[in-house]
Amino acid sequence: LVKSVSLTFAVLLAIYLGSMAVGTAVGTYLCGTNAARSVRWRERAFLMAQALLYGYTAVSMALFIGAIGRVPALRFLWDYFGSYEPSISLKISVYVYGAVPLFLLFVPTFLMGLSFSLSQSLIQTTDSEVGRKVGWLQFVNIVGSALGAWATTWIGFSALGTAGLLKGIALFSMGYLLLLLLRRHWSWLPTLAGAGLVALAVGYVPNNARFWQLINGVEKANQFIFHENESAVSVIKLAADQKSGIIFVNGLGQSGMPYHHDEVHTLLGALPVMIHPNPKQVAVIGLGSAGTVNGIAGRAETRRIDCFEIASNQALVLTQYAGIAGDTAVRAVLNDPRLRLIFRDGRYAIRHEATRYDIIEADALRPSSAYSGNIYSKEYFELLRSRLKTNGLAVTWCPTVRVLNTFRLVFPHVVYCDKLVLIGSNQPITLNWGLINQRATTAFSRQHYGKSGIAIQTLLAHYRPNLTVLPPLEKAPVEINTDLFPKDEYTLRGRDKISF
């Protein structure tokens, strides 16, 4: 929903922990009042807090899902959920970093904090056992959290999906409503009324496919392809004619298909393989639409293409899209016998494997995305440099001045294409356009790019005037990205991202 930037997790964690702290403080106060001195009162309050906590999960989501597509005043949220890019405009930020997470998170986490205080007050009956009972209660809490996280991640997302998990969690409230009845805190009438409300809300939350369709701001089911597992929610939003689509991963747009609609990704892969004299073994970090893989696969000399992708379901939605849209280019890329899909973090894999490559390409994150500093930092570029063969090329998108500075600091030889791509090497890079055009016009290359409707010579000729071999740096730049100081990731100023 939020289309995360680097600040997203911090904001959500602050809301989560802050709400819990408020609930704990309120619970502590209530436990000190005269009314709460009765064990029965505290037991009833604890059971009611738990029943409301789980019930609110379903009710709030049902209301939210029902409102975003129907209430005119919230239409801008629907449009934002369906949009390609994240936004930090004031209007959007107030809602997606404030109102929406508060609506969905505040009450449940407030009630968690309240329940901590109430449960402590119920079990603390002997001064000599205070420490032991605090320890046991926290131990049970930690074990439950660990088991819940494990079951949700490795079983729940794949087997039930987020919508199914929400419904299952909400149904826990039924158990607490039953306890309220059995412990004679409530009569039949309020118990049945509460159970009916929860059942209504659970029934209103749609199935998983419809849930993610609405969350992604898509009107029609036949224009939506998705897959959810423990690694990501991968989505393709199809055009009305179902002949083209846009890739989204966890709400963020990545690229478009067919490939001739998004030639930049093809260029990011094709340019270095046409420059390199003999690119036998290449690597791509990030699958996305497979547009960059398609670009880097255009030389007959290439024998192995390693593609590292952290979203393990990405290839599944691409396969579905190829079948629906009849896109033979996507199918050909995924079925290329040279391609090895490795579902692992790319930086981690390259660091822990001794493989050396002729080309390492990063189909990269936006510089403001969470963890983007890991693939725009000095240490990352040094890792790439250490994994290159002789005359090997490292390739990255160049969205900011700091990326340019950092890359030039690491690589002694750099080719730069106007605010788009950087190619670095340990050896001098020669832009011999006679050889480049000769490689691009081989039968293999023309046939390969022709499958996706791309005239590779025309594409290269378009960007040729913008390609420059940069001179060595005279002095180390001050403004760079490092692992511990990923400045681009944590700056929100537009001029830092686009000004050169």
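Which residues does Thr482 touch, not counting residues up to four places away in sequence? In this predicted model, Thr482 touches Ser377, Lys378 and Glu379, a contact being heavy atoms within 4.5 Å. Residues are numbered from 1 along each chain as its sequence is written, and side-chain values use heavy atoms, with hydrogens and water left out. Because the model is predicted, local features need pLDDT of at least 70 and side-chain atom pairs count only at pLDDT 80 or more, whereas totals for chains, interfaces and linings use all residues.

Thr482 is located in the loop between β12 (467-470) and α19 (494-498); helices (H or I, at least four residues) and strands (E, at least two) are DSSP runs, numbered from the N terminus. Thr482 counts as buried because its relative accessibility is 17%, where buried means under 20% relative accessible area, exposed over 50%, and partly exposed in between (1.4 Å probe, protein chains only). A polar atom of the Thr482 side chain lies 3.0 Å from the backbone nitrogen of Phe485.

The protein as a whole contains 19 helices and twelve strands, and its C-alpha atoms fill a box of roughly 90 × 50 × 40 Å along the principal axes. Of its 500 residues, 50% count as buried. Among contacts with a separation of 6 or more, 70% come from residues 24 or more positions apart.

Strand β2 (residues 233-238) is largely enclosed by the rest of the structure, because six of its six residues are buried. In a regular strand the side chains alternate between the two faces of the sheet. Accordingly, Val233, Val235 and Lys237 point one way from β2, and Ser234, Ile236 and Leu238 the other way. Strand β2 pairs in the antiparallel sense with β1 (residues 224-228) over five bridges, pairing requiring at least two DSSP bridges between two strands. The hairpin of β1 and β2 has four residues between the strands. Five bridges also join β2 to the antiparallel strand β3 (residues 245-249). Ser234 is the bridge partner of His227 and stands opposite Val249 in β3. The hairpin of β2 and β3 has six residues between the strands, and Gln242 takes a positive phi near 60 degrees there.

Ala199 is found in helix α7 (residues 188-204) and counts as partly exposed because its relative accessibility is 41%. Ala199 and Glu263 are 64 residues apart in sequence, and their C-alpha atoms are 50 Å apart in space.

Notes
A polar contact is a pair of N or O atoms within 3.5 Å; within protein, one must be able to donate a hydrogen and the other to accept it, and residues adjacent in sequence count only if both atoms are side-chain atoms.
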